[in-house]
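Reader: I've got a chain with a ligand on my screen and I'd like to talk it through. Could you walk me around it?

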Amino acid sequence: MAKKSKPPFYVTTPIYYVNDVPHIGHAYTTIIADTLARFMKMNGRDVFFLTGTDEHGQKVEKAATAHGVDPRAWADKVVVRFFDLWKALDCEPDFFIRTTMDIHEKGVQKLFKILLDRGDIYKGEYKGWYCVSDENFLTEDVALDKDGTKTCPDCGRKAQVVSEETYFFRLSAYQQKLLDHYRTHPQFVRPQSRMNEVTSFVRGGLKDLSITRTTVKWGVPVPGDPAHTIYVWFDALHNYVTGIGYDRDPALFEKFWPASVHLIGKDILRFHAVFWPAFLMASRLPLPECVFGHGWWMKDEAKMSKSKGNVLDPYVLIRAMGPDPLRYFLLREVPIGLDGNFSHEGFIHRVNSDLANDLGNLVSRALTMIRNYFQGKIPPPAAENPADAEIRKAFEEMKKWAVAQYDSYALNKALEEIWAFITTVNKYLADNAPWKLHKDPALRPRLARVLYQAAASLRGVAALIAPVMPGSAQKMWEFLGESGSVQDVRFDDLAFAGLDIGHILKEPTPLFPRVDLKAFLAEEPGTSKEQPMDEPKTPSVDQNIITYDEFAKLELRVAHVLEAVKVEGAKKLLKLKIDLGTEQRQIVAGVAETYAPEQLVGKKFIVIVNLKPAVIRGVESQGMLLAAVSGDKSAIPFFEADVPTGAKVK
Ligand code: ME8
């Protein structure tokens, strides 16, 4: 019997304002969309992924004026920052729409005209409190301030009274229809908490919406009445149809409209879950399946804002370690409906523990053993014993659940499933100790089986993480000797036994090098250069109590500095050669902004000697010195008394 084909999948992000450059919040929505697009393709669906930029309106007009250029020139300049960031993050939209494109402007004018002709748009007079920053009239329920003015509840800025002739959209006529739609389509707004919010807003009553401006020049002209421009939100929301071929490419439009999911931040829920479906009802177009309002990212528990200077620049993290750790962290850390908090400590901890330790080490250990014991070629293995069969079954079970979680947009849960399996494989290798089996030539078929199970598991893992970490998944795929793109795998066909016996494996390179937090923070301020980071907070001393036994795990020694040089290309790092009495080592320290290399030679200070070596800026560090850190400056406690080199510190 022929397999039932799966429906096409169309995912969108908001189109971002070009009044400013993108930050980690914009990256978050786009990464979710890209991951869903990649997953759905691998799950056998035809996919279209749309993103773009919102280029009209007062906000952009103001930013352009402030920079002394016209709005189009400004938009042309800023849009490049979005193109570049999506490329750097491996986000690959099928189309990038700009609202200044002809195809979009024509589509918006056409839809406006249709609604005007039907009477859903009519001309009148509007007087109300208007927030210039949010380009939005305040709702009636916003109370007057003591001084008789109103403040925008969303952005906290003062609103101004605007009175003008305007075209209205008959939103009030859609109140009941919207409520009926929410009731009959409980998945229309997700998560449920946002559906509740929207429903109660609509139940509170809807007034007709002013959708044109005479005060704003930078916008799409109203057809037949060019003194008016179309309100930026009416203009922008229609990108979701003009971007997929409305009135331009009927085959494309027929195939993908209505959208499967509009991904948005919770800040713009009302526009997408109330105004947008009402516009669509009015133009008799089908409604999207789902508006998913994801949570908000904060930085160190604070809202990111330019004035605080704590806006996270994704390039800082991409430069240091490529796009995949950031993609992984943002998707793994919180369910997409909830708010998240970004701290560098949390980020590096996750990268080191999940990526470098759990997955990276497994890949390198398993593949290195196959190379060393079998010249990189998987030989015919012995038959599966019960423990081997368990691994195969665990994979099959994990695949089923991970796919189901991805499919319901529970990306963090999909990753949890995959990582639980990685832990199982790590345990399987520890229990079966291939390095011991290797010592007995009679056990070679058994050794081959253990390593085959590990390699087959990794092949499956590579495919399942590909939507989230496409670059790293492809590397794993190639290490395993597979050809082509891992993203050509279809999950329906992904089997544990898919790894061919006799495959030649490639030499693995480190997938996720461990990151040293201290050196990373010393090197990267965390926010972009133009946006200085918050003053470091002094940590409270009573947090995180540890036992003496835990402290005793640290091996602290007196180190004597023999040589010190700058690390090329890293202005904050020094490479030091140290003597520990019994041996000499090399360490990398982020102290170059405080100490010149020659100031350290001959000095003695404390070094942690049993810390796992890390590669920092391409240089291996075999220990870490202790120093007090404040902003960019550090102070190393040197020994004044003459202590023996290598003496224990406790
Ligand atoms: O609102 N955490 O554009 P915009 C999570 N042009 N997501 C965040 C975020 C954060 N801290 N900051 C921003 C607009 N975002 C309109 C949209 S659509 C027809 C028009 C993300 O540039 C999130 O997706 O202000 C949010 O909804 C969007 O960026 C706002 O982008």
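Reader: How many helices and strands does the secondary structure of the chain come to?

Author: A word on ground rules: this is a predicted model, where local features need pLDDT of at least 70, side-chain atom pairs count only at pLDDT 80 or more, and totals for chains, interfaces and linings use all residues. Residues are numbered from 1 along each chain as its sequence is written, and side-chain values use heavy atoms, with hydrogens and water left out. Helices (H or I, at least four residues) and strands (E, at least two) are DSSP runs, numbered from the N terminus. Counted that way, the chain has 21 helices and 25 strands.

Reader: What distance separates the centres of domain 1 and domain 2?

Author: The bounds come from an automatic or database domain assignment. Domain 1 runs over 343-498 and domain 2 over 541-649. Taken over C-alpha atoms, their centres are separated by 36 Å.

Reader: On to the ligand. Which element gives the largest share of the shell around it?

Author: The shell has 24 residues, and I15, T29, D54, D267 and W297 are the closest; to be near, a residue needs a heavy atom within 4 Å of the ligand. By class there are 13 nonpolar, nine polar and two charged residues; Ala, Val, Leu, Ile, Met, Phe, Trp, Tyr, Cys and Pro count as nonpolar, Asp, Glu, Lys and Arg as charged, and the others, Gly among them, as polar. The largest share is four residues, and they come from β1.

Reader: How much of the ligand's accessible area does the protein cover?

Author: Start with the polar contacts (pairs of N or O atoms within 3.5 Å): a polar backbone atom of Y17 is 3.0 Å from a ligand oxygen, and a backbone N or O atom of G25 lies 3.4 Å from a ligand nitrogen. H26 uses a polar side-chain atom, 3.4 Å from an oxygen of the ligand. Of the 670 Å² of accessible area that the ligand has on its own (Shrake-Rupley method, 1.4 Å probe), the protein covers 93%.

Reader: Why does D354 count as buried?

Author: D354 pairs with R350 in a salt bridge, 2.7 Å from N to O. Both lie in helix α13 (residues 344-374), four residues apart, about one turn of the helix. R350 is buried at 19% relative accessible area. D354 is buried too, because its relative accessible area is 7%.

Reader: And what is the relative accessibility of K400?

Author: K400 forms a salt bridge with E397, with 3.6 Å between the closest N and O atoms. The two are three residues apart in helix α14 (residues 386-407), so about one helical turn separates them. E397 is partly exposed at 41%. K400 also counts as partly exposed, with a relative accessibility of 49%.

Reader: Which residues are linked in a network of salt bridges?

Author: Searching the whole structure turns up 30 salt bridges. A network of them links D34, R38, E92 and R327.

Key. A polar contact is a pair of N or O atoms within 3.5 Å; within protein, one must be able to donate a hydrogen and the other to accept it, and residues adjacent in sequence count only if both atoms are side-chain atoms. A salt bridge is a side-chain nitrogen of Lys or Arg within 4 Å of a carboxyl oxygen of Asp or Glu. Buried means under 20% relative accessible area, exposed over 50%, partly exposed in between (1.4 Å probe, protein chains only).
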